[in-house]
Amino acid sequence: MKTLAPPNVVDLLLDAVCIVKADSSIVYVSPAFERIFGYAPEEVIGRRMLDMVHPEDLAATQSQAERVTEGQLQLHFENRYVRKDGQIVHIRWTARWVDDQQVRLAVAHDITERKHTESLQAAIYSISEAAQAAEDLVSLFAHIHQTIGTLLPASNFSVALHDHLTDTVSFPYHVNERHPPPATRPLDADALCSHVIRNGQTLLLTPDTLPPTAPHMAAAPRPLYWLGVPLHTQAGVMGALVLQGYSEEARYSHRDKELLQFVSTQVASAIERTQMRNRLQQMAQYDQLTHLPNRQLFLDRLKTALTRAQRDQTLLSLLFVDLDRFKQVNDTLGHAMGDLLLQRVAQRLLECVRASDTVARLGGDEFVLLVESGHAVEHATAVAEKILAAFNQPFDLDGNQVPMWPSIGISIYPDHGSDESLLLSHADTAMYQSKKSGGNQVRIADPTGRPGLAPQDPPQPDAPH
């Protein structure tokens, strides 16, 4: 009976056995080397092992190799290599120096799957944490971009959001080395995003499958790789994550497709949570009719502005605005027209101040403006006169031309108080003095309690009284 020769145990190992000289040139590798690194043993004999190390790990690997050459045992060093096919492989090494042969004997254990799982878990945790800490969607998207970049090439990354009411797609976050952010447009104008969002299916395009003329790429350099993943929610697809690669270093595979699909579930949840928090914050801090800051947010801003004025020794003005005969609009045209008027008034008031000033609605037909005046008292009265001039034109309420005039009271820090309540009280009192005098005029508060002073009484229009 013929006896089979015993197998070479080294050839059966799943780990790769490597023998290299002090200069890292390869003397021998076992057959498992090809499974891990992609190169057949005959392809690497004589090559330098260091030439295959990932560039970011080269310095640490050289340092570790020198320690082994000096006689130190290495039991758990980890680094990355670039496979023959360009993929990254993570290796844990055990190594020692064989002095009589003047070589390093090392065993490479492939830990790529373990590293992949650890990175994925870390990414999901990071995205979840970002959803709790991000101040707004843009900062959340930037964090998501950074996190996805730890998993796969993401130099060119976009978040596309679909507005179901208008059937448009916008790109609130867009980083691309070749072309600027696209404008909001009909969803079907972007063929690739439209396919991902409407079908709710991931789309991976490579140089072999990318359409020769994609509409949204006509005026820009075409990517070699395009990967879009839908953002699924219980209400449907809210948008997509889009990655584009313009070189073979930023290519995407089916493995990347599956990875991004897995992460996208957490991303969609994070976006929903951030949007909900923003909506709740909006409801808590802004008037739902005019979208102006409400009383609470106004008081917070006033407190901050007072601190700044006290520190910088500058002036601060409050303009209390009340509409004359507003009740008549509700009584004659209905509350819907009254609400529309308040929205129109809010817009005109915003046009009378700088972006750094605050216009708030305190309730009903009462508005207040916070104006940081520098060192000029006249700045507040100039704003008030601008408001009076703006109200000279009637308001168009769905074809109804409705005249409306304001009564304005002004208080100034520090002349009329140093705290929020006192300044508001003086401005309110001055406003009532304006209303008692016939309205459509400005009064400056007098801390002595006497009737407010009128910086300039404009001619009274033929307003209904």
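**A tour of selected backbone sites**

Begin by selecting leucine 12, which lies in helix 1, spanning residues 9-12. The model in the viewer is predicted. Leucine 12 has a relative accessible area of 59% and is therefore exposed, the cut-off for that class being over 50%.

The next stops concern backbone geometry. Most residues other than glycine have a negative phi, and most peptide bonds are trans.

Select aspartate 167, in the loop that runs between strand 6 (157-163) and strand 7 (168-175). Aspartate 167 is not a glycine, yet its phi is positive, at about 55°. With a relative accessible area of 28%, aspartate 167 is partly exposed.

Proceed to glutamine 313, found in the loop between helix 9 (295-312) and strand 12 (315-324). Here, too, a residue other than glycine has a positive phi, with a value near 55°. Glutamine 313 counts as exposed because its relative accessibility is 66%, and the class begins over 50%.

Finish at proline 414, in the loop that connects strand 17 (405-413) with helix 13 (420-436). Show tyrosine 413 as well, and inspect the peptide bond that joins tyrosine 413 to proline 414: this bond is cis, with omega at about 10°.

Methods
Residues numbered from 1 in each chain as written. Predicted model: local features only at pLDDT ≥ 70, side-chain atom pairs only at ≥ 80, totals over all residues. Heavy atoms only, no water. Helix = DSSP H or I, 4+ residues; strand = E, 2+ residues; numbered from the N terminus. Buried < 20%, exposed > 50% of the residue type's maximum accessible area, 1.4 Å probe, protein only.
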